[in-house]
Amino acid sequence: MTAPSTFGLSSEARNLHWLLTNLVEEVPGLLSVAVVSSDGLLLLSSDPGRHAEAREAQGERPQGPRGSAADLATIVSGIGSLTIGAAKLMEFGGVKQTMVAMDEGSLFVMSISDGSLLGVHGSPDCDMSVVAYHMALFVGRAGHVLTPELRSELRKSLEAEEIEAAGSRR
């Protein structure tokens, strides 16, 4: 997984990038990670799809949902919305974590703050308790700094990266 550039970002944004990079490097078996805003927009990711064309040329199979952090963000947002709705209907309070175990991997979704979500796609052999523990650490450290201003800065940074990447493919 590649780390996005943090040049020109605020110290809070750089710290969040560092936390994400640390999560990815510390936990074996993570395929992709995404932080999603309450309105479903991707804010931060490990983005395994960033260099998908290069990996495919080398014969590597893209990882994560279709190899794209945007796809993971969509899935995380949908699952988050569904579980929040279910919790309201059942009157069980707020949703803290959702886990989906599949034959070829697992998907974890954890609330951060103000409706923002952390989504992690893990390999079939990842240790679910280790993933959940490290996600909780990330949420504990990121939750208080993920302000509306920081979410806006992260979104603009991601859009600039996407524009730059599109220009370099031409």
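This report walks through the sheet, the helices packed on it and the nonpolar cores of a predicted model.

## The sheet

Let's start with the strands. Five of them make an open sheet, ordered E2-E1-E5-E4-E3, with antiparallel pairing. E2 and strand E3 (97–102) sit at the edges with a single partner strand each, so one side of each has no neighbour in the sheet. From one strand to the next, the twist averages 15°.

E3 and E4 run antiparallel and are joined by six bridges. Thr-98, for instance, has Val-109 in E4 as its bridge partner.

## Helices on the sheet

H1 packs on the sheet and touches E1, E2 and E5, with its direction at about 155° to that of E1. H4 lies across E1, E3, E4 and E5, and runs at about 25° to E4.

## The nonpolar cores

The largest nonpolar core has 28 residues, and Leu-16, Leu-118, Val-120 and Phe-138 touch the most other members. Elements that each supply at least two residues include helix H1 (11–26), strand E5 (117–122), helix H4 (128–142) and helix H5 (148–168). H1 gives the most, with six residues. Apart from this core lies another one of 12 residues, among them Ala-73, Ile-79, Leu-107 and Val-109.

Setting aside neighbours within four places in sequence, Leu-16 is in contact with Leu-44, Phe-138, Ala-142, Val-145, Leu-146, Leu-150 and Leu-154.

## A serine in E4

Ser-106 lies in strand E4. Is Ser-106 buried or exposed? Its relative accessibility is 4%, so Ser-106 counts as buried. Not counting residues up to four places away in sequence, Ser-106 touches several residues, including Met-99, Val-100, Val-120, His-121 and Met-128.

Methods: Residues numbered from 1 in each chain as written. Predicted model: local features only at pLDDT ≥ 70, side-chain atom pairs only at ≥ 80, totals over all residues. Heavy atoms only, no water. Core = buried A, V, L, I, M, F, W, Y, C linked by side-chain atoms within 4.5 Å. Buried < 20%, exposed > 50% of the residue type's maximum accessible area, 1.4 Å probe, protein only. Helix = DSSP H or I, 4+ residues; strand = E, 2+ residues; numbered from the N terminus. Contact = heavy atoms within 4.5 Å. Pairing = 2+ DSSP bridges. Axes fitted to C-alpha atoms, helices over the stretch in contact; angles between N-to-C directions.
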